[in-house]
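These are my notebook entries on a structure that I looked up. I begin with a pocket, then turn to a helix and a hairpin.

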Amino acid sequence: MATTALQEQQIKVAQDKLAELIRSEFTRIDRMKADQEVTDFSKLETITIGVMPGDGIGPIIMEQALRILKDLLAPELASGKVKIRMIEGMTFERRAALNESLPEDVLAACKECNVLIKGPFVTPRAGECFPDGTPMPNLVSANSLLRRSLELFAAVRPIKIPEKNIDWCFFRENIEGEYIWGNKGIQVNEDLGFDFKVQTKQGSERIARAAFEYARKNGKHNVTAVTKANIVKLADGNFLRCVHHIGETEYPKIEIQERLVDAMTAKMADPEFTKGCEVFVLPNLYGDIVTDAAAEMQGGLGSASSSNIGNKYALFEAIHGTAPYLMSHGRGNYANPCSIIRAAGQLMAHIGYGDRNEKLEKALDICCNKEKKLVVTTDKDGATSEEFTTYLLDTIHSL
C-alpha cells in the first residue's frame, strides 16, 4: 500500500530530526578526538572533592561517607592538600522548580572540582506525580547529563565475593548506547515511535582501552566483552570489533572472551560459565543491567558502588536509588551506607590514596562478612547508618 501525503510529510519531519542528531554526533566525535589530556593527581597542589548529597536517603548516607573521608584523609585535609566542597542546588525540589535536570550553576560548581561524590538523584518516571497529585516534570536523568557534560565515559564497578572466589571488575561504557539520545527519540505519529542506539569507534575504543589497561595494571589475564552482537549486528558488532582491535594490537598478552548479555545475566552465578573471567567490558544498557545483577550477588545494591571516570574528571556514587519506601516509612536513617562508603574508598584510590582504600576494604570485610557485630537490615531491628559507620571506624582504627 502506498504511503499517504500525510505519511510522507511525517517521514520528512522524522528524517530532518535524525539528520540533526547525526550532525550533533559528528561534533561529539570531534570532541572525543581532542580529549586526550589526563589529569595527574600527583602533580596537583590541591585536590578538591565536590559533594552532592542527593535526594531521599542520599543526605543520610552521604553524612556517613564524609565521616569516613574526613577520618582517612585527615592529614591531607589538615594540610590543605585535599579540600571538600559541598555543592548545593541539586535537590529534586529545586530541579523540578527550574524544570532543569542539571542546573547550570551546579554544573559550573562541579567543573571547579577535581573529583565528585554523589548520592542518588530522583529521576521521575513518565506520568509520575507528586503526593498532592501534581504531575512531576519529565526531567531526563541528571546522572546521564553529568556523565556527558564531564565526559565520564567509563563506569567502573568492582564486585568481590571471596567465598565464591569472585573478584570481577566491570567497565560499562557510560555515555553512548541507548541512553545518549534517551530523550531524543522520534514519535513519527501515534502509531510509530523510534528510540536509538548510538555506537562510535572512539567511544568503544576508549572504554575497551580502559578495561585492558586496568587488567594490565592489576595483573589480570582476561577481558570479556558482553554484547548482543549476534542480533544487534552494527552497534554491538562494531563495539565487539573495537574491543578485539584494542586488545589484539595493544594488549596481546591479555585473553579476550565474549559472552552474550542474555546468557551472562542468566548464568552469572554459574562458575563454569564465568570460569576465567576477571574484567568485563560492556555497552551502556547491558552494563547497567548486568552490574546491578552482579551487585545483588554480592549482597544487594546497598553493598556496591560505581566509579565514573573520564580523562579530566571523575565521579563516584552509590548505585542504588533514593529509597522512597524507607523515607516514607520513617526508616531512612536505617539505610545501608556501604555503597556510598565504598564509593568514597574508590575516590581515595583514584586520587592517589590507594592505601586508605585498602584499609577501608579490610574493615568492610570484617564488619560485613567476618564479625558482623552490627548488621544493617534497613529495618528497625538492625543498626542505623550512623551506628554501622561508627562500628566501621572503630574497626579501621584497630587495624
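I first noted which elements supply at least two residues each to the lining of the second largest pocket: α4 (92-98), α6 (142-149), α10 (284-298), β12 (314-318) and α11 (324-328). Helices (H or I, at least four residues) and strands (E, at least two) are DSSP runs, numbered from the N terminus. The model is predicted, with pLDDT of at least 70 needed for local features and 80 or more for side-chain atom pairs, while totals for chains, interfaces and linings use all residues. Residues are numbered from 1 along each chain as its sequence is written, and side-chain values use heavy atoms, without hydrogens and water.

I found that α6 gives the largest share of this lining, 4 residues. A pocket here is an open set of points on a 1 Å grid over the protein atoms alone, where a 1.4 Å probe fits, with protein on both sides within 12 Å along at least five of seven lines; lining residues have an atom within 4 Å of a point.

I next looked up helix α12, residues 338-350. Of its 13 residues, 11 are buried (under 20% relative accessible area, 1.4 Å probe, protein chains only). Among them are C338, R342 and M348. After α12 comes G352, with a positive phi near 110 degrees.

Last, I recorded that strands β6 (186-189) and β7 (192-194) pair in the antiparallel sense over 3 bridges; pairing requires at least two bridges found by DSSP. The two strands form a hairpin with 2 residues between them, and Q187 stands opposite G193 in β7.

Definitions and conventions
Expected span 1.5 Å × (residues − 1). Buried < 20%, exposed > 50% of the residue type's maximum accessible area, 1.4 Å probe, protein only.
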